[in-house]
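This report describes a two-chain model and the surface through which its chains meet. The sequence and structure come first.

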Protein chains: 2
Amino acid sequence: MTLFKLTLAYDGTDFEGWQVQSAERSPRTVQGTLEKALHALGGDRLVRVSAAGRTDAGAHAEGQVVTFDLDREITAEELVRALNGLLPPDVRALEAALAPKGFHARRSATSKLYRYVLDTGPVQLPTRRLYAGHFRGDLDEGRVRGAAELFLGRRDFRSLAAAGGSVRTFVRDLTRSEVSFEGKTLVYRAEADGFLRQMVRNLVGGLVAAGSGTRSLAELKTALEACDRRRWPPPVEARGLTLVRVSYA
Amino acid sequence: MTLFKLTLAYDGTDFEGWQVQSAERSPRTVQGTLEKALHALGGDRLVRVSAAGRTDAGAHAEGQVVTFDLDREITAEELVRALNGLLPPDVRALEAALAPKGFHARRSATSKLYRYVLDTGPVQLPTRRLYAGHFRGDLDEGRVRGAAELFLGRRDFRSLAAAGGSVRTFVRDLTRSEVSFEGKTLVYRAEADGFLRQMVRNLVGGLVAAGSGTRSLAELKTALEACDRRRWPPPVEARGLTLVRVSYA
């Protein structure tokens with residue numbers, strides 16, 4: 001058995017998220033699609049993969065990392081080529097490497113970087129509708145930047161965690177919370193040691209609330225510290241979200 | 001009757017190009033889709049629209065301009081809103097204005113700007129596969145820039161015109177032929193008083209031939225001056241092409 005670390009990119013548009021779901025319902029998921037390709041490659045044995053981040057339905061990845069054991073003699077280069085022959089066009093293997101014993105895509109990760117792209121203004125360009133969220137209005141750049149700064153640091157992010165899932169702690173260390181404006185498009189980058197369910201979409205929901213004036217920075221700070229998700233503004237849509245990079249020590 | 005000038009954006013992925021085709025075959029075209037929406041809006045009368053540029057199947061637009069007569073009292077703002085309620089999500093009306101008598105989307109245009117995006121390297125990100133071409137290799141930046149400069153100026157571009165169509169002259173004035181590199185992505189912008197069939201895709205085909213070394217700059221220059229399309233390298237795919245802007249005096 002060989003333990004592989006694989007970097008993966010996908011277009012989340014036609015997937016119901018990363019994670020394989022119950023046997024009765026079997027929607028198209030990225031995990032299921034990858035496991036099917038590895039099964040075809042590895043022979044009879046079922047291959048289970050672990051991912052660094054379980055992306056939502058509609059969210060994308062440019063640098064998802066997965067680990068799995070493969071019962072087959074194959075080099076990392078051959079694995080990438082073989083997988084790209086088996087995977088559909090909306091999933092691509094970017095690179096592979098042998099992983100050291102005990103390495104795990106999620107548990108060994110030291111940080112993850114997500115990017116969210118949000119178009120503003122009355123009408124969104126059709127060529128952007130699958131890869132950017134849309135806010136039908138204008139955002140105040142200064143207030144958006146002020147909100148992004150509020151989020152920085154190590155704190156309890158319970159106010160930004162969607163229900164469901166099981167985590168031991170809601171404390172995360174947000175080391176990067178960076179806004180840039182490209183014309184009428186807001187690009188937000190968030191990096192942390194880990195993210196809670198829908199956390200990035202909720203962070204951007206906070207930026208929109210601050211930038212559109214529905215919440216003051218002081219109200220947003222109070223809602224963040226309240227540790228109560230009913231206090232937080234609604235999340236933005238998944239389609240603007242991309243898992244960019246996972247870092248390891 | 002009121003003459004309108006409408007600026008339109010579309011995602012060309014699911015269209016067989018701009019132009020309405022023969023009655024026997026009725027593929028989904030942008031022109032047909034827009035005319036159907038205008039028909040629903042304008043009552044019984046059939047509305048025919050004229051476009052500044054007839055984009056290829058798979059090519060996109062951020063600033064296509066069309067003109068048409070509408071037999072209905074409606075302001076430009078109402079027209080945009082009503083059309084966006086009738087059009088599918090892959091076509092959006094951006095803005096409308098009353099046009100002066102005799103104004104024509106194509107004949108009145110003084111220049112058009114196209115952008116071509118080409119990803120290079122072994123594997124293309126799935127999120128880019130609908131909006132960027134792909135060259136599986138590396139391109140030499142200096143030679144690509146050298147080729148882009150060769151194209152500039154007023155000349156006979158017959159070597160770069162696809163067969164079919166009827167034009168009086170192959171002479172076009174290319175006033176902008178500009179390359180930028182963003183990581184492993186080449187972005188090319190071409191502006192001219194008009195373009196021949198597949199001309200931008202052929203221009204980029206020339207950049208690829210120069211950058212990959214299959215043609216020297218001298219050979220490319222000879223092929224350009226030969227006025228013979230069989231001498232020119234193959235065009236790149238339509239999916240990387242976007243009509244960005246049409247200018248009027």
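## Chain and interface

Chain A has five helices and ten strands, where helices (H or I, at least four residues) and strands (E, at least two) are DSSP runs numbered from the N terminus. The radius of gyration of chain A is 19 Å, close to the 18 Å that the globule rule gives for 249 residues, so chain A is as compact as a globular protein of that length. That radius is taken over C-alpha atoms, and the globule rule is 2.2 Å times the number of residues to the power 0.38. The C-alpha trace of chain A spans about 60 × 40 × 35 Å along its principal axes.

This is a predicted model: local features need pLDDT of at least 70, side-chain atom pairs count only at pLDDT 80 or more, and totals for chains, interfaces and linings use all residues. Residues are numbered from 1 along each chain as its sequence is written, chains are lettered from A in the order in which they are written, and side-chain values use heavy atoms, with hydrogens and water left out.

Contact here means heavy atoms within 4.5 Å. A salt bridge is a side-chain nitrogen of Lys or Arg within 4 Å of a carboxyl oxygen of Asp or Glu. Buried area is the accessible area (1.4 Å probe) that two parts lose on being put together, summed over both.

| Interface of chains A and B | Value |
|---|---|
| Residues in contact | 20 of chain A, 20 of chain B |
| Buried area | about 1,500 Å² |
| Salt bridges | two |

Carbon and sulfur atoms give 72% of the buried area. A:R129 forms a salt bridge with B:D11, with the closest N and O atoms 2.9 Å apart.
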